[in-house]
Amino acid sequence: MVEAALGSQFDCLVIGAGVVGNAIARELSRFRLRVGVVEKELDVGMGTSARNSGVLHSGIHYTPGTLRAELNVEGNSMMEELCRQLKVKIDYIGKLTVAGHEEEIPTLYRLKEQGEANGVPGLEILKPEGMEKLQPGVNGLMALYSPSTGIICPYTFTIALAENAHQNGVSFFLGQEVTGIQKTESGFLVSTRQEKRFSTKVLINSAGLYSDRIARLAGINDYKIYPCRGEYLVLDKRLGHHLSTLVYPAPHKGKAGLGIHLTKTVDGNILVGPSNEYIDSPENWATTGHIMEKLREEGEGLLPSLTTSDIIRSFAGVRPKQNPPEIGGFKDFVIEAREDVRGFINLVGIESPGLTCSPAIATMVRDMVADLLPMEKREDFQPERSGRAKYFHELPAEERADLIGQDKDWGEVICRCEHITKKELIEAIQNPLGVRSISGLKFRARVMMGRCQGGFCLPRIVEILEKEFGYRPEDFFSYKEGSNFFTGYVRQPG
Ligand SMILES: Cc1cc2nc3c(=O)[nH]c(=O)nc-3n(C[C@H](O)[C@H](O)[C@H](O)COP(=O)(O)OP(=O)(O)OC[C@H]3O[C@@H](n4cnc5c(N)ncnc54)[C@H](O)[C@@H]3O)c2cc1C
């Protein structure tokens, strides 16, 4: 039996339900602890964790001895087993870091040496013949091949961590923005804008772009986050087969990211991006005309068969940089158990490769918690997430026929582009975390994620929500309170 959390009193409370906060919550759910997660958005993974390249980095880019280097290699090595348990697709498709000019070749050797010092397995320098075998048509003089680079769907992974944590007794408080932290004798009193209060012995700051502000609420003024936006184009699946491995340009010193590149997603789309631009507001996820144009041009350069009609969407993510624009580059993660604010575990500046590092960060934080609280392992911890690893259309014909025999909703396709059935949509609506945003349905069932971006299936989805679940369309948000999809009827129904 899963132990339910007692009211709003916790042993450990995590602020932020991104990939890192959820990985920590799941790790802590292995123990007899009351664990809660407070998230300001209406769903988990609505911040940076849903807005990135979805690459499991190998660990070649980071200075040996840094947390980023250590946690990257460790996190990468944990991912295969974790994704199996969580029923999340993963593909170690490898990566070529390509030198296009003579002067970039030493960078490849430097990265190889650095990667080897970090413990990255199987690194190889390839000449054009070797590169061509892995990625037909690739241009360049030489490349560093890293076979342990992989891809996963970042939001599916983030949701899966949360669902499995929830399955193991973690309480999620969505739509609760932490605005106050008070130190008490036994721990902390945490209050939210929505007037909820929580008491906890250990408080974990995993608030991503707002981690500096949460630290300040706890009286820690040491950090400042500089938001740095990365925009992407999403390409139609038609082009997915062009990429058999990832291809990145050799990095240039002082740049905030790894350069614009093509990334294949586990669902078969290609991403072009991300760009690099320091911005004023942490949640300015707008995509902009001039960057879209730049990405289109660069995309055409990298993939000559790309046409404008292959671009089906754009999106942006924001990096929580610790360095200001005039310094640029990367700074190491801050993951600390504060001595001055005992019981406060502080995570700041978890930028790339935070997705890859997340399971390793979780074990590191678990060890910090173990120094603060008695930790007794639970016998009944369930590492396997309930549910299926594959979409219905990916199942063998016999299994599909079987499912349709059990429930006819498996046989009704709602999203034509992604071949998603009514039953898959219903399961997303009935998700364990109780999420009711359109993004929540998209991220769980992949409806509206294809070429037509919902043009065909949105009216049908709304009809099901309305007629079969009794929701009013006006109550449906895109992703956060106030981001209404509909404001009312043009013509009264009926
Ligand atoms: C453009 C881009 C590309 C990237 N590509 C990769 C990649 O390919 N591979 C990789 O490994 N990493 C990549 N990353 C990095 C990775 O996405 C992040 O490191 C990771 O998602 C950070 O997760 P997080 O949980 O710390 O932050 P977040 O996902 O931002 O989660 C923090 C959560 O805290 C919540 N929160 C904030 N303030 C409050 C509050 N006051 N009260 C309650 N909740 C609050 C937020 O709403 C949010 O949900 C990329 C990042 C960017 C921006």
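This is a predicted model: local features need pLDDT of at least 70, side-chain atom pairs count only at pLDDT 80 or more; totals for chains, interfaces and linings use all residues.
Modeller: Domain bounds come from an automatic or database domain assignment. Domain 1 covers 1-89 + 152-224 + 327-383, domain 2 covers 90-151 + 226-321, and domain 3 covers 392-475.

Colleague: How do you know that domain 1 and domain 2 are in contact?

Modeller: Contact means that two C-beta atoms, placed from the backbone, lie within 7 Å. On that basis, 35 residues of domain 1 meet 41 residues of domain 2. On the domain 1 side, β3 (55-56) and α2 (67-86) each give two or more residues. Helices (H or I, at least four residues) and strands (E, at least two) are DSSP runs, numbered from the N terminus.

Colleague: Which residues come nearest to the ligand?

Modeller: Gly16, Gly18, Gly47, Gly208 and Gly354, out of 40 residues around the ligand. A residue counts as near if its C-beta atom, placed from the backbone, lies within 6 Å. Domain 1 and domain 2 each supply at least three residues of this shell. α1 (19-28), β18 (311-321) and α8 (354-370) each supply at least two.

Colleague: Why are β3 and β4 said to stand at the edges?

Modeller: Strands pair if DSSP finds at least two bridges between them. The open sheet has 3 strands in the order β3-β8-β4, paired antiparallel. β3 and β4 (90-91) each have a single partner strand, so one side of each has no neighbour in the sheet. β4 is joined to β8 (residues 150-152) by 2 bridges. That count meets the cut-off, therefore they pair. Isoleucine 90 has isoleucine 152 of β8 as its bridge partner.

Colleague: Why is methionine 448 called buried?

Modeller: Buried needs 20 or more other C-beta atoms within 10 Å, exposed means 12 or fewer, and partly exposed is in between, with C-beta atoms placed from the backbone. Methionine 448 has 22, so it is buried. Glutamine 453 has 15, so it is partly exposed. Both lie in the loop between α11 (438-445) and α12 (458-469).

Colleague: What is the phi of methionine 448, and of glutamine 453?

Modeller: Methionine 448 has a positive phi of about 65°, and glutamine 453 is near 50°. Most residues other than glycine have a negative phi, and most peptide bonds are trans. Two peptide bonds here are cis: glycine 273 to proline 274, with omega about -10°, and serine 352 to proline 353, with omega near 5°.

Colleague: What does isoleucine 312 touch?

Modeller: Beyond four places in sequence, its contacts are Val234, Leu235, Asp236, Arg451 and Gln453. Isoleucine 312 sits in β18. Isoleucine 312 and valine 234 are 78 residues apart in sequence, yet 5.8 Å apart C-alpha to C-alpha. With 18 other C-beta atoms within 10 Å, isoleucine 312 is partly exposed.

Definitions and conventions. Residues are numbered from 1 along each chain as its sequence is written.
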